[in-house]
Amino acid sequence: MNIEKILHERSESKCELCSTTGELKRYEVQPALKEGTDGSLLICGTCLEQIEHPEKTDVNHWRCLNDS
């Protein structure tokens, strides 16, 4: 089974940070100590954009972490 499929099963096809269901992508947490699902998250485009470009952070978006 490939990593993407495992991540979708693990997350129930939701962003693992904010629980949205659209535009999900694999994100490798750095530094990746292990290859595979333990070092990866399935996240939405909004979370990915804000992680990669902190200057675009929308603090209201991250309130979702209260429920994580």
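## A tour of the predicted model

The structure holds four salt bridges. Keep in mind that this is a predicted model.

**Stop 1: Glu 23 and Lys 25.** Select this pair. They form a salt bridge, and their closest N and O atoms are 3.5 Å apart. Glu 23 is exposed, with 54% relative accessibility. Lys 25 is partly exposed at 35%.

**Stop 2: Arg 26 and Glu 28.** Their side chains meet in a salt bridge, 3.2 Å from N to O. Arg 26 is partly exposed, with a relative accessible area of 28%. Glu 28 is also partly exposed, at 35%.

**Stop 3: Glu 49 and Lys 56.** Here the closest N and O atoms of the salt bridge are 2.8 Å apart. Glu 49 is partly exposed at 32%, and Lys 56 is partly exposed at 47%.

**Stop 4: the core.** Which residues make up the largest nonpolar core? Select Leu 7, Cys 15, Leu 17, Cys 18, Leu 24, Tyr 27, Leu 42, Ile 43, Cys 44, Cys 47, Leu 48 and Cys 64, twelve in all. E2 gives the most, with three residues.

**Stop 5: Cys 18.** Stay in the core and pick out Cys 18. Leaving aside residues up to four places away in sequence, Cys 18 touches Cys 44, Cys 47, His 61 and Cys 64.

**Stop 6: helix H1.** Color residues 3–11. Asn 2 caps the N-terminal end of H1, with a side-chain oxygen 3.3 Å from the backbone nitrogen of Glu 4. After H1 comes Glu 12, with a positive phi near 55 degrees.

Terms used
Residues are numbered from 1 along each chain as its sequence is written. This is a predicted model: local features need pLDDT of at least 70, side-chain atom pairs count only at pLDDT 80 or more; totals for chains, interfaces and linings use all residues. Side-chain values use heavy atoms; hydrogens and water are left out. A nonpolar core is a set of buried Ala, Val, Leu, Ile, Met, Phe, Trp, Tyr and Cys residues joined through side-chain atoms within 4.5 Å. Buried means under 20% relative accessible area, exposed over 50%, partly exposed in between (1.4 Å probe, protein chains only). Helices (H or I, at least four residues) and strands (E, at least two) are DSSP runs, numbered from the N terminus. Contact means heavy atoms within 4.5 Å. A polar contact is a pair of N or O atoms within 3.5 Å; within protein, one must be able to donate a hydrogen and the other to accept it, and residues adjacent in sequence count only if both atoms are side-chain atoms.
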